Amino acid sequence: MLKNTLLILFLFVQTLGQTYAASNDLIRPNVVFIICDDLNDFGSVHGGHPQALTPHMRSFAKSAVTFQHAYSNNPVCAPSRASIYTGIYPHTSNNLFWAKWFDNPVLKNSKTIMEFFKENGYHVAGTGKNEHDHRPADWSEYKSKTDYGPYWFDGKKRNANPWVPAPFSNIGAIDGSFGPLRMDHEGQPAGAGWKYGWGKEQVLDFGNHDSRDLTPDELNAEWAAKTLEKFAEHTSPQPLFLAVGFVRPHTPIHVPQEYFDRLPVDALLLPASIPNDLDDTYLKSADPSDGNGDDKGYRYYKLIEESYGSSEQGIKAFLRAYLAGVAAVDDCVGTVIDAVDKNGLAENTIVIVTSDHGWDMGQKGYLFKNTLWEDSTRIPMLIRAPEISQAGGVTTQPVSLIDVYPTLVDLCKLQGDTRKNAQGAPLDGFSMRPLLENPQAAIWNGPDGALTMRFAGPKNNHIPAKQHWAYRTERYRYIIYNNGKEELYDHHSDPHEWTNLASKQEYSALKAQYKQSIFSQLPSKEANLQAKEKAKQANKGDAEVWKDKYYKKHPEADTNDDGTLSWPEFQKHKKGA
């Protein structure tokens, strides 16, 4: 009897919630969330590079609020996106790097932004690269999963574009490849050419050289535009949440020749730099990826220098491709925003344009993402919220991607708990609504600075206090590595972060303040000890599993025939193998 009563009560509450959502559909805004991949602050709106061609973003900014100091919470794709779509910091969930987010004990018990919008009566549609690991059940409909194409097919497998010189091209089909989509394949093996599709491969058809197939980003933009057109035609009161993930300018940076033609390589301006800028930085000493501090960014810089004969020519070649990718994705962003405006949806549709993190373009001898410096962490952030945001407004208050989810909850008046149960976590960020309403006042409930974490390697997995951290206020960037080394830059006098002030005595109090701002947000020492023990047990468990697999392949290693392979037996057999 009690069970039946509880069931009836549960169904009543659920129905009441659905009725509430339906009754509010007419006043709830639609949402169009546009996210690019590896797009730093080069866009013309943010002034990162004077030759960046982003007219659509620049035009959109006139009707939106520009966040000049918006930052990624983790400057690499997978953990950044897991954090964006769950609204939970990597250090809160312990989803610190490349693990599948939906296997994480905290994140799998928390509602993604898509789940929460569905729960509140929205039709949730998406296409392209949104989550790094896609979970179909979160969406009402999903058109296309992540496709890094177009990519070069050498006749047998994906490979680097053959027009990229070695040794940079030896990096491979993704990071080692960039350049225009050349129609001329002269001198290439039979069957070689451009393809797209990450699973089901398709040839990119250039037709009669006057036409071509659309790239994956263009296809996603076109689908999003048609989805918005159909939505505008329908009279259903159900609001729409549409997420569009564009891959460019992520590598391989292959876009049509027309975008390269706009950027003559001889006229390109390299990012500002000074000799020996690396000397007062500590990433190499704090995080030696292979024992020499030679991680991807440093290695890619050396390889492109070797491939093109000088760092200047190498970076120019890559920069041209990156800016071409930026121009191409700007056109795609424009396609989606135009569809919002032309179909009469602008008055009731929130539009957000952003990226998952930035990119270092050779500064400090680094060519990649995943540093705690400005170029890897600063991102574009443009938000238009009808009847709320100030058209053409600009705010310098630092915010970060963690603030997107709570902002949309606030603007769309979503109801309910974002946790599925007690094992989940509440949202970590803060609503940016006050900054949309009054960008200049910079009054909001969030922190003074934006927090970014760089993963410090498998040995420090699951231990937030052992990672590398940055805290960016309106004026300063403070970095502390897990070996205690520090960097401090004053952006009012040093916007390129050329002079590390951390060793100067007069900044001791400021560094202490920022260090406290970072570590006060991390789990307690007790929680860190628990995390360390869990990591130890997890590693031990992984080792045992690996040893068991070895035993199945080599049963003779069990020399005393007791049915169990001990570690001494394993080591003895492995040495003799």
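What volume does the largest cavity have? In this predicted model, the largest cavity has a volume of about 90 Å³.

**Cavities**

The count of cavities of 30 Å³ or more comes to 6. Around the largest cavity stand 14 lining residues, and those that lie nearest its centre are Thr 215, Asp 217, Arg 248, Val 255 and Ala 328. Three elements, α6 (216–233), β12 (253–255) and α10 (311–342), each give two or more residues to the lining of the largest cavity. Sorted by class, this lining of the largest cavity holds 8 nonpolar, 3 polar and 3 charged residues.

The second largest cavity has a volume of about 60 Å³. Its lining consists of 14 residues, with Tyr 89, Ser 400, Asp 403, Pro 447 and Gly 449 nearest the centre of the second largest cavity. The elements that give two or more residues to this second lining are β19 and β20. By class, the lining of the second largest cavity divides into 9 nonpolar, 3 polar and 2 charged residues.

**Strands**

Strand β19 belongs to an open sheet of 3 strands, in the order β16-β3-β19, with mixed pairing. The edges of this sheet are β16 (378–379) and β19 (399–400); each has a single partner strand, so one side of each is left without a neighbour in the sheet. Strand β3 (residues 70–71) runs parallel to β19 and is joined to it by 2 bridges. Within this pairing, Tyr 71 has Ser 400 in β19 as its bridge partner. Ser 400 is also one of the residues that lie nearest the centre of the second largest cavity.

Strand β20 (residues 450–454) is mostly covered, with 5 of its 5 residues buried. On one side of β20 are Ala 450, Thr 452 and Arg 454, and on the other are Leu 451 and Met 453; both faces are covered. Strand β21 (residues 468–472) runs antiparallel to β20, and 5 bridges join the two. In this pair, Arg 454 stands opposite His 468 of β21.

**Helices**

Helix α12 (residues 404–411) is mostly covered, since 7 of its 8 residues are buried. The buried residues of α12 are Val 404, Tyr 405, Pro 406, Thr 407, Leu 408, Val 409 and Leu 411. After α12 comes Lys 413, which has a positive phi, near 55 degrees.

Ser 508 is found in helix α14 (residues 508–519). With a relative accessibility of 30%, Ser 508 counts as partly exposed. Its side chain reaches the backbone oxygen of Gln 505 at 2.9 Å.

**Salt bridges**

The structure holds 27 salt bridges.

| Salt bridge | N to O distance |
|---|---|
| Lys 129 and Asp 37 | 2.6 Å |
| Glu 119 and Lys 111 | 2.8 Å |
| Glu 218 and Arg 212 | 2.9 Å |

Lys 129 is buried, because its relative accessible area is 1% and the limit for a buried residue is under 20%. Asp 37 is likewise buried, at 0% relative accessibility.

Glu 119 counts as partly exposed at 40% relative accessibility, whereas Lys 111 counts as buried at 12%. Glu 218 counts as buried at 16% relative accessibility, and Arg 212 counts as partly exposed at 25%. Elsewhere, salt bridges that share partners join Asp 37, Arg 81, Lys 129 and Asp 356 into one network.

Terms used: Residues numbered from 1 in each chain as written. Predicted model: local features only at pLDDT ≥ 70, side-chain atom pairs only at ≥ 80, totals over all residues. Heavy atoms only, no water. Buried < 20%, exposed > 50% of the residue type's maximum accessible area, 1.4 Å probe, protein only. Helix = DSSP H or I, 4+ residues; strand = E, 2+ residues; numbered from the N terminus. Salt bridge = Lys/Arg side-chain N within 4 Å of Asp/Glu carboxyl O. Pairing = 2+ DSSP bridges. Polar contact = N/O pair within 3.5 Å; in protein donor to acceptor, adjacent residues only side chain to side chain. 1 Å grid on protein atoms, 1.4 Å probe; cavity = no way out; pocket = protein on both sides within 12 Å on 5 of 7 lines; lining within 4 Å. Points joined across faces, edges and corners; volume = space filled by probe spheres on them. Nonpolar A, V, L, I, M, F, W, Y, C, P; charged D, E, K, R; others polar.
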